[in-house]
Amino acid sequence: MNGFARAFRQPGLDRVDPILVILWVALIVVAIVWIAPFVFIVFTSLKANSTVMGSSAFAPPTSLEWRNFAGAWARGRFSTTVFNSAVITTIKVPLGLLISAMAAYALSRIRLPAGRAIFLLVLFGTMLPFQVMLAPLFTLVNSFGLINTKVGIILPYLAFGVPYQVFILHGFFGEVPKELSEAALVDGASHFTIFRRIFLPISLPVLAALLILDFVATWNEFAMALVILQDNSTWTLPLGLMSFQSQFQSDYGQLNAAIVMTVLPATIVYLIFQRYFVSGLTSGAIKE
Amino acid sequence: MSIRISAPTQGLVLLAPALLVYCVFAVYPMLDVAALSFMKWNGLSPNAQFVGLANYVQVFTQDPVFWQAVRNTVLWTVMSVIFPPAIGFALALALNQNIPGRSPLRALFYLPVIIAPIAVATIWRWMYDPFFGLFNATLTALGLQGLIKDWLGDRNVALYAMFIASVWQTVGFSLVLFLAGLQNVSQTLIEASRIDGAGRFEVFRYVTLPALRPSITIVLILSIINSLKAFDIVYGMTGGGPAQSTQMLALWAFTQAMQLGDFGHGAAISVVLLLITISIVIPYLRWSRTHRETNP
């Protein structure tokens with residue numbers, strides 16, 4: 001942080017710019033509005049129901065009701081939903097990234113029949129709203145007998161993760177100098193070896209960014225899970241939260257504890273790996 | 001490496017897993033939804049019956065909720081293209097100045113983007129709670145009891161109440177893209193124009209804004225596409241109610257097929273939404289390719 005000493009000055013000027021001070025105050029006000037929902041949720045999650053109904057909504061909790069968390073964990077079947085979400089995410093995210101990277105390598109570094117057409121087909125998928133295909137997805141997964149199974153949800157997740165990742169990695173691999181792989185090819189290395197030994201290691205920063213973005217997307221996914229995971233023993237966290245809301249919506253303390261527990265993992269990942277989010281997002285959309 | 005496989009074969013082996021899963025679980029359902037839109041099918045019986053355009057006729061002439069969903073989706077999209085990008089743009093301009101605490105502020109504004117939409121729906125439902133929620137409590141504290149409402153239960157207000165939750169969630173997305181665009185604006189150009197006597201407004205108007213044009217296009221297109229597929233937030237906050245006043249196309253297609261068992265009708269709605277999306281996506285992909293080729 002550059003601190004207040006040098007802040008509020010236009011580059012090259014020494015005096016404080018009053019417009020920047022006004023701007024900063026305005027930003028702080030907006031920031032307070034933005035953070036208010038989080039504060040309200042955390043406060044409520046630590047209040048007993050009688051306190052929620054009897055005291056001001058803005059008041060911080062006086063005695064901390066940690067029991068809300070234990071109660072919501074048990075009634076919301078969090079041990080099941082957290083486990084399911086964790087298994088699905090740990091399998092889907094690395095596997096999806098691997099097949100996307102393989103495909104991106106093939107499409108950008110090997111001359112393939114119809115390679116250009118395949119790339120465009122995949123690119124088209126980056127904009128495809130899967131929300132319009134929920135019913136046919138259900139029918140398809142059902143025809144494989146995979147409703148209520150982890151495989152049944154992971155396969156569509158993989159399919160809808162491929163386009164964006166291939167698009168980003170294709171752009172990245174395309175900029176690797178030819179000499180790097182040609183020398184290895186002349187030495188008799190196969191494309192499999194070049195991919196594993198050269199391209200995977202040099203693309204680690206991009207892979208990390210995509211990994212984080214995909215972790216959050218998979219962890220948060222709701223609509224596909226809603227049609228494919230119908231039995232409550234197979235539910236993921238978002239499905240569990242939705243059901244908790246409809247069953248116990250007047251149990252304010254526990255409901256908010258359930259929200260906090262659902263949101264916390266992604267928030268922690270985000271706060272730790274912040275810079276990857278920005279690079280993963282902007283490398284796709286904006287290319288200078 | 002004793003056996004040499006030809007390069008294209010190696011390429012196909014590398015490509016196969018992703019391409020296979022993508023074609024089966026993303027491309028096929030899209031074609032299937034188009035096929036289903038010409039059929040009468042309840043989702044369970046072994047054979048679907050071909051009915052031609054009957055589903056479309058039914059959707060367009062006998063389904064008032066469809067038109068309500070069209071109006072809401074259009075309104076939602078128009079609002080989503082105006083407000084979150086405008087707020088994100090203003091915040092990005094402010095955050096791009098020499099002020100303290102830029103990184104924590106940026107992190108805060110982006111935080112709602114990474115929260116599950118279904119959790120955002122739950123959070124805001126609770127804030128809109130007519131009795132104990134933050135909104136009505138704030139109004140009471142300010143002495144404005146007259147403005148107290150059942151925000152999600154009032155059919156004239158629910159859609160806008162839901163939209164405010166969506167603004168909270170999506171502003172950070174525009175903000176980060178604009179901020180990245182701003183950081184690509186040439187500093188030398190800005191300084192040169194300052195030296196030439198350009199004021200704050202002229203620099204913005206003639207240097208910053210033209211340089212941001214690609215970012216602006218991208219943000220607007222992505223906002224349109226994301227708003228057309230609004231599903232989670234509607235499902236979680238209102239379920240389309242009260243009295244279908246917040247119904248949207250994606251949710252209505254889902255409801256018809258998965259809850260009312262009319263797969264043909266739902267598919268016809270999906271196709272309408274798909275065609276709208278494609279009519280925006282294809283020109284955009286064209287534009288982004290030519291743009292990339294002219295500005296390497």
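Guide: Chain A has a radius of gyration of 24 Å, whereas a compact globule of 288 residues would have one near 19 Å. This is a predicted model, and every value given here is computed from it. Along the principal axes, the C-alpha atoms of chain A fill a box of roughly 75 × 70 × 30 Å. The chain contains 15 helices and zero strands. Of its 288 residues, 44% are buried. Among the contacts in chain A with a separation of 6 or more, 76% are between residues 24 or more positions apart.

Chain B may be described in the same terms. The C-alpha trace of chain B spans about 80 × 75 × 40 Å along its principal axes. Chain B has 13 helices and two strands. Buried residues account for 42% of its 296 residues. Of the contacts in chain B with a separation of 6 or more, 68% join residues 24 or more positions apart.

On the side of chain B, 78 residues are in contact with 89 residues of chain A. The element of chain B that gives the most to this side is helix α1 (residues 7-36), with 20 residues. By class, the residues of chain B that touch chain A comprise 59 nonpolar, 14 polar and five charged.

One residue of that helix illustrates the meeting of the chains. B:Pro29 lies in helix α1 of chain B. B:Pro29 has 26 C-beta neighbours inside 10 Å and therefore counts as buried. When its neighbours within four places in sequence are left aside, B:Pro29 is in contact with A:Met133, A:Pro136, A:Leu137 and A:Leu140. Within chain B, the C-alpha atom of B:Pro29 is separated by 28 Å from that of B:Val78, which is 49 residues away along the chain.

A pair of helices, one from each chain, gives a second view. Two packed helices are described by the angle between their axes and the distance between the axes. The axes of helix α14 (residues 252-272) of chain A and helix α5 (residues 117-127) of chain B come within 10 Å and cross at roughly 150°. Angles over 145 degrees count as roughly antiparallel, so α14(A) is roughly antiparallel to α5(B). The crossing of α14(A) past α5(B) is left-handed. From α14(A), the contact involves A:Leu255, A:Asn256, A:Ile259, A:Thr262 and A:Val263; from α5(B), it involves B:Ala119, B:Thr122, B:Ile123 and B:Trp126. The contact of α14(A) with α5(B) consists of six nonpolar, three polar and no charged residues.

Helix α14 of chain A also has a partner within its own chain. The axes of helix α13 (residues 237-247) of chain A and α14(A) come within 10 Å and cross at roughly 170°. The two helices, α13(A) and α14(A), are therefore roughly antiparallel to each other. Here A:Leu237, A:Leu241, A:Phe244 and A:Gln245 of α13(A) meet A:Leu255, A:Ala258, A:Ile259 and A:Thr262 of α14(A). This contact of α13(A) with α14(A) has six nonpolar, two polar and no charged residues.

Some details of backbone geometry complete the account of the two chains. Most residues other than glycine have a negative phi, and most peptide bonds are trans. In chain B, a cis peptide bond with omega of about -10° joins B:Gly241 and B:Pro242. B:Pro242 is placed in the loop between α11 (232-237) and α12 (249-259) of chain B. The loop between α11 and α12 of chain B also holds B:Gln244, which is not a glycine but has a positive phi of about 60°. B:Gln244 counts as partly exposed, with 17 C-beta neighbours inside 10 Å. In chain A, A:Arg77 has a positive phi of about 50°, although it is not a glycine. A:Arg77 is found in the loop between α4 (67-75) and α5 (78-109) of chain A. A:Arg77 is partly exposed, with 17 other C-beta atoms within 10 Å.

Note on methods. Residues numbered from 1 in each chain as written. Chains lettered and ligands numbered in written order. Predicted model: local features only at pLDDT ≥ 70, side-chain atom pairs only at ≥ 80, totals over all residues. Axes fitted to C-alpha atoms, helices over the stretch in contact; angles between N-to-C directions. Helix = DSSP H or I, 4+ residues; strand = E, 2+ residues; numbered from the N terminus. Parallel < 35°, antiparallel > 145°, perpendicular 65-115°, else oblique. Contact = placed C-beta atoms within 7 Å. Nonpolar A, V, L, I, M, F, W, Y, C, P; charged D, E, K, R; others polar. Left-handed = near helix turned anticlockwise from the far one by under 90°. Buried ≥ 20, exposed ≤ 12 C-beta atoms within 10 Å, placed from the backbone. Rg over C-alpha atoms; globule rule 2.2 N^0.38 Å.
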